[in-house]
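Morning, everyone. Please have a look at the model on the screen, and then I'll walk you through it.

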Amino acid sequence: MKAMSIEKYGKNVPLLMSERPLPGIGDHDVLVEIHAASLNPIDFKIKEGKVKLLLKYKFPLILGNDFSGVVVQVGKLVQAFKPGDEVYGRPRKSRIGTLAEYIAVHEEDISLKPHNLNFAEAASIPLVGLTTYQAFTEILDLQQGHKILIHAGAGGVGTFAIQLAKWMGAYVATTASEKGYELVKGLGADQIINYKKENFAEILSEYDAVYDTLGGTALVQSFRILKPGGRIVSISGVPNAAFGKEAQLNWWKTALLSIISRKITALEKENQVRYRYLFMKPSGAQLTIIKDYIEAGHIKPVIDKVFTLRDADQALRYLEEGGAKGKVVIKVR
Ligand SMILES: NC(=O)c1ccc[n+]([C@@H]2O[C@H](COP(=O)([O-])OP(=O)(O)OC[C@H]3O[C@@H](n4cnc5c(N)ncnc54)[C@H](OP(=O)(O)O)[C@@H]3O)[C@@H](O)[C@H]2O)c1
């Protein structure tokens, strides 16, 4: 099969097309003929070796964390899927590689794809959808009437997050530049802050929740806008010791996280709010819930640009430039 892979980590290491053996399947796996994939910042972070502490890979490494396609073979013990099923998913972290013609995935990591989406649209959903669903339901406990700030509303995560928060009945403020204004307004954002001209921390107050997709100064300033008891979840900021324990990292990695997150821990206490770092988990069951939201019309995919598999290297560089409005998709078939 054709696949886009790297031979070593590095920013300037090319993502090259090569011929690779068809993946074998275990008893609980399905083999999927991939029709489309989508890119996420984690792809260039993996390529550059920035997540080596958390994720260990061997070379050659096929990149890609999101896909949609058709089941062509199932393992002996698979009950939920059969050849011909149209599915979408985010494979578990040890088994990435969706920039390829086929992938073997555990049956628990996939769901039937929303029937009202084509393959390109379906491939844009899993990683951003799962991350946001987990952030809102497992950490922020987002409720009807809550006020939430979603950072970078025009990005891949933000465009999904605005729609899910609105569907859950929250009041949504978001940060975006002029270029993203119409998009986030159309998705339902109640208040839009032009981050190039205004400081959200001087405008918003008494918020229940912050969904931080940026880290750095935006994360630090976000503590100021919460009411006591409010919650922040970051997917880009500093992992803390609580995350280390949850992810079952060894003692020295957890101790290291405790040291690098000291400032955040102090802000938590000072503002009487709760901070959690989230590293999303694959889940076919949650993708089925998301599929139902999409089929009911509550959430729509937002696609910025579509590239071919051969042009995945160029697509990854485009994503890394940072201006995408919604998702960057790779058409495989
Ligand atoms: N921990 C996890 O499990 C997890 C999961 C998913 C994503 N993430 C992380 O979350 C981050 C966001 O991912 P993504 O897919 O949404 O990225 P993305 O699609 O590349 O985000 C691009 C968008 O960010 C906007 N933006 C950039 N700087 C901004 C700022 N200071 N304020 C407001 N908006 C800003 C840009 O708007 P303009 O062009 O208008 O400036 C652009 O529309 C990445 O770091 C990613 O690695 C983590």
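**The ligand and its surroundings**

This is a predicted model, so please keep that in mind. Let's start with the ligand. How many residues surround the ligand? The shell holds 25 residues, and the closest are K45, S177, Y195, A324 and K325.

By class, the shell has 14 nonpolar residues, nine polar and two charged.

Y195 puts a polar side-chain atom 2.2 Å from a ligand oxygen. For K325, a polar side-chain atom sits 2.7 Å from an oxygen atom of the ligand. M280 uses its backbone: a polar atom there is 2.8 Å from a ligand oxygen.

How much of the ligand does the protein bury? On its own, the ligand exposes 940 Å², and the protein buries 85% of that.

Three strands form an open sheet, ordered 2-1-4, with antiparallel pairing. Strand 2 (16-19) and strand 4 (61-62) are the edges; each has a single partner strand, so one side of each has no neighbour in the sheet. Strand 1 (residues 2-6) and strand 2 run antiparallel, joined by four bridges.

**A buried loop residue**

Now go to L187. You'll find L187 in the loop between helix 5 (178-186) and strand 11 (191-194). Is L187 buried or exposed? Its relative accessible area is 16%; the cut-off for buried is under 20%, so L187 counts as buried.

What does L187 touch, beyond its neighbours within four places in sequence? The contacts are T159, I162, Q163, K166 and V302. L164 is 23 residues away along the chain, and its C-alpha atom is 9.8 Å from that of L187.

**Backbone points to check**

Last topic, the backbone. Most residues other than glycine have a negative phi, and most peptide bonds are trans.

Look at F59 and P60: a cis peptide bond joins them, with omega about -5°. P60 is in the loop between helix 1 and strand 4.

Then two glutamines. Q248 has a positive phi, about 55°. Its loop runs between helix 8 (241-246) and helix 9 (251-260). With 72% relative accessibility, Q248 is exposed.

Q272 also has a positive phi, near 55°. Q272 belongs to the loop between helix 10 (262-271) and strand 14 (274-277). This residue is exposed, at 55% relative accessible area.

That's my tour. Thanks.

Notes
Residues numbered from 1 in each chain as written. Predicted model: local features only at pLDDT ≥ 70, side-chain atom pairs only at ≥ 80, totals over all residues. Heavy atoms only, no water. Near = heavy atom within 4 Å. Polar contact = N/O pair within 3.5 Å; in protein donor to acceptor, adjacent residues only side chain to side chain. Areas by Shrake-Rupley, 256 points an atom, 1.4 Å probe, with all protein chains shown as cover. Nonpolar A, V, L, I, M, F, W, Y, C, P; charged D, E, K, R; others polar. Pairing = 2+ DSSP bridges. Buried < 20%, exposed > 50% of the residue type's maximum accessible area, 1.4 Å probe, protein only. Contact = heavy atoms within 4.5 Å.
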